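Dear colleague,

I am handing over the structure we spoke about, and my notes on it follow directly below. Please read them alongside the coordinates.

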Amino acid sequence: MPTKRTFRNFRPGDLSGLERALNEMSAAGWQPVKPGRLIQTYRQEPGAYVHRFGYCAHRPGSADEITWLAAQERAGWEPAVREKGWILFRKPAEAAAPDDTLAGHRETVETLFKAKIARLDSLRRILLLLGTLILLAGYFTSLLPVMYASGLPLLGVAWATYRIKYLEEGPHK
C-alpha cells in the first residue's frame, strides 16, 4: 500500500492541532502509521476516522492499563497506534460527534505534562541562578567574556519557559 510522509511542526502539547491534521488526512483516505510532532507517516486505506490522543502511564499488560483501555473501548474508541505510553485512538467518522472525547478526556495527559512542567521549572531555576552567578563573576572580575557567558544559561531559561508555556496550554485547547 502506498505511504506518505508529511513534515509539519506542532507546538509541544498541541494535541488538538495534531488530531485535527490526522482527521483531515483520514478523511482524504490516509490513515496514520506514525503520528509524530514533526514528521507524520500515513498509509492509504479506506475509511474516514476521528482520532484522539491518550496517554497511559501504567505498565503494559497491567490491570490498570487493561481497565483504562476497556473504558476507551466501551466509549467506541479503538487503539490505532501505540508508542511509549502514547496511544492514538480512532473511531469511524460517521459514529463520532465533532466534539467526541476519550473517557477521562485529557486527565492522564495533564498528569504527564504536570510532571514535565515541574522538571522544566526546576531546570529553569537552576539556570537562572547559574546565569546570575556568571554575570556577577564577570562584573566583579571586569572580564567581558565571562559576562557574555551568562547568555547561555539565559537562553536555556528562555527555552524552558517556552516549553512550559505550551505544555500548560496544550491540553486545554
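Which strands does helix α1 lie across, and at about what angle does it run to β4? Helix α1 (residues 15-27) lies across β4 and β6, and its direction makes about 150° with β4, where axes are lines fitted to C-alpha atoms, for helices over the stretch in contact, and angles run from 0 to 180 degrees between N-to-C directions. Helix α3 (residues 107-141) packs on the sheet as well, touching β4 and β6, with its direction at about 45° to that of β4; contact here means heavy atoms within 4.5 Å.

This is a predicted model, in which local features need pLDDT of at least 70 and side-chain atom pairs count only at pLDDT 80 or more, while totals for chains, interfaces and linings use all residues. Residues are numbered from 1 along each chain as its sequence is written, and side-chain values use heavy atoms, with hydrogens and water left out.

The sheet itself is open and has three strands in the order β4-β6-β5, paired antiparallel; helices (H or I, at least four residues) and strands (E, at least two) are DSSP runs, numbered from the N terminus, and two strands pair if DSSP finds at least two bridges between them. Its edge strands, each pairing on one side only, are β4 (49-55) and β5 (78-83). Between β5 and β6 (residues 86-92) there are five bridges, and Glu78 has Arg90 in β6 as its bridge partner.

Elsewhere, Thr41 belongs to strand β3 (residues 39-44) and counts as buried because its relative accessibility is 13%, the cut-off being under 20% relative accessible area, with exposed over 50% and partly exposed in between (1.4 Å probe, protein chains only).

Best wishes
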